[in-house]
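I opened the model to look up how its parts meet. These are my notes.

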Amino acid sequence: MNGVTRRVLDPAGLGPACDALHEQHGRMQMAYALERDDGGLEVRYLAAPGSGQAFELWCCRPADGRLPTLTDRAPLLGWYEREMQDLFGLEFGGHPEPHRLVLHEGADPSVPPLRRAAPPGEALPFVRAPWTEPDIDGEDVQRLPFGPVRADVAESAQFVFYYLGEGILHYYPRLFFKHRGLEKRFEGTRPELGVVLAERVSGVGSLGHALAYCQAVEDACGCRVPEYAQWARTLLQELERIYNHLHYFAILADATTLKVGNAQGRLLEEDAKKINARVTGSRFLRNMLIPGGLRRALSGLDGLEDALDPLRRAVERYLAKLNATPSYRDRLIGTGVLTRRTAFDQGATGPVERASGLDRDLRRDHPYAAYESLPPEVTLAETGDADARAAIRRRELLASFTFVSRLLRAVPGGSLRAECRPEAGSGGLGWTEGPRGALYYAVHIGPDGQLGRVKIKSPSFSNWRVFPFTVHGTDMMDYAINEASFGLTIAGCDR
Amino acid sequence: MPLWTLFGLRAGRATTRWPDGGDDGQSDVVGMPRFQPERCLSGCRECVDACLPGAITATGGEGEASIALDYGRCIACRMCIDSCPASALTASGDWAFGVRDRRDLRTANIGDGGGDEPAERLRAGIRRAFGRSLHIRHVDAGSCNGCESELQALNNPFYNLHRLGIFFTASPRHADVLLVTGTVTYAMRDALRATYEAMPEPRWVLASGSCAVSGGATAGTYASGRGADEVVPVDVYLPGCPPNPAALMHALLLLVERAEQRVHRGRVS
């Protein structure tokens, strides 16, 4: 794997390695399990040491299906460990919340579904059963479950509030209603077709998912992507940021009851989606990427700058207007504060972590595509509230327009794609910094040359873990605004 | 302090007149593949191998095999088009794929598959009853959120669905139409059924997006279902990945008989 240092650790070595990582201001990124050809399980931990250093991949074989939990040192790993428990049947000794996460209570697979022995195509036997609720008791405490079918057009999830009057004592999001078993679906698929699945993990993140996936396969194969394709991928990633961030502001304006502000944001988002269609034929920037490069050249580039210019000016006016609206700013300032410490410990990513002062951006720290020669400027805020999260996205949105203009000024020539046929048994890691933050794909090629284990780490998986820490102890009135300020998706988290 | 109302008034009208003339907003959007089987090379299976969701199959015996396409499973990924050596499959701007009968999404050379279709149900009078005001309850039963992004776009100022008398409603008790997106995962089956059962009769179901029609790209994993009609009876099927806002509007108007069905036996008319 390029840019990744591999280390083999035994279970007892994990804790000290984690401590050493934190001492040099590094952070764990994700963990996943895979089944080796000998039938044994292996857990891989991805660690990002201090800036400027390569990722580290720690490979560890559990003893008798057990590993010690690392949640006492790196709480953000709590969800990854529970996921491995549900999907691989691993046990993590000493885990503080050892109950189900990805599979709902009542799902009863004969074999953990990501093990190779799991019968292919067998639907999960399921009889809904009570779930492990947080232990909250008190005479006047009320419990409000909301969802999974919620108002308006929304993704499915259930939010459970334990509250006293207006005050939320505790908040628990029940997710994974939308778990589709995507990682299993990749297995046995041809590597060049896997991109079609990656584009359908999170529709509004199609481009970022496709890009991280392709880069993982290219890493496994060791091929070099042509310059034109690298350039086009970068341009498309910034177009993805533009329409997603515009959507974000429309939703935030809606949450703060700015009806015209909401309508204007949605109209600008529509304009951005039409530009996506002009360049790729898809409003979601799909059907362009393939391992090795691009499936076809971008279209509609002639005059694209002239088409983007009015949109950019309209966006500038829109953002300035929002920012100058006291009723909007009042609702954001001081709402849903995420401290720097919690952001670090629980694994916040993207604009959410940067709004809490954590200086990370994969485009700059671990550059890929054309970001190597055009590193973005990373902006930070310190207050960690909804206002800071919106401020980071506002600056990123404007920066993306500038970035796209710079890219359009120098269109490189060259071929669309390189040969990319990863060898049987190879593996690779790919990453992107999408509109919502860090996205990782780990791809392992099976003995038949088709896809084996594919692990997807979406930014929303990280930020859903973090979000409740900003809700406990706040007011009901602020909830919707706080949620909008995080800009979460559910499909990417649930997979 | 910005005067948003004044700003809105000054901005003028952003809304299209479509479908009564005007721009449908999809001029650059590539839709479903167009299939001309007479161009197929004998014995060629390139598109079958390139089709991730299994929408394209080879039927018939060795030598005289013919290629069949089920648009209900198609996710418009264009892999078949890229792989076809004979231009039998080409990119098109066809997206108005809403149909009342699931069989209309299949090219004529696919068998009818032994009665897994819900029977065409009596819908006389739907136009009289609901033609001018239709309330939709949406349920995401396990989508990638692409469908939700386009459903949310319906209420942006360009499409402005309200002008057609069609509204999203919060409560299933106020809804005439259940609009389902997603494959119907194991964990969403009970919620989808409960929502349907909470709706007053008469009620209709629109399966929107290839996932809700057939399970789409993730059909048949341990957690994904194979579409909405495994759980609730479906009245209109709209494949697409995702269906664009104009396709959604066409399917909703088709449901209340204010638009014509455009696809019959896998052919766009």
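I started with the interface: chain B and chain A bury about 5500 Å² between them, counted as the accessible area (1.4 Å probe) that two parts lose on being put together, summed over both. Carbon and sulfur atoms give 60% of that area. On the chain B side, W4(B), Y186(B) and Y222(B) lose the most area to chain A, together 18% of what that side buries.

I noted that this is a predicted model, where local features need pLDDT of at least 70, side-chain atom pairs count only at pLDDT 80 or more, and totals for chains, interfaces and linings use all residues. Residues are numbered from 1 along each chain as its sequence is written, chains are lettered from A in the order in which they are written, and side-chain values use heavy atoms, with hydrogens and water left out.

Next I checked contacts (heavy atoms within 4.5 Å). Chain B brings 62 residues and chain A brings 74.

Then I looked for salt bridges (a side-chain nitrogen of Lys or Arg within 4 Å of a carboxyl oxygen of Asp or Glu). The rule finds six across the interface of chain B and chain A. D82(B) pairs with R295(A) in a salt bridge, with the closest N and O atoms 3.0 Å apart.

Last, I looked up Q230(A). It sits in helix α6 of chain A, residues 227-255; helices are DSSP runs (H or I, at least four residues), numbered from the N terminus. Beyond its neighbours within four places in sequence, Q230(A) touches V225(A), A369(A) and A370(A). Its C-alpha atom is 39 Å from that of G13(A), 217 residues apart along the chain.

How values were computed
Helix = DSSP H or I, 4+ residues; strand = E, 2+ residues; numbered from the N terminus.
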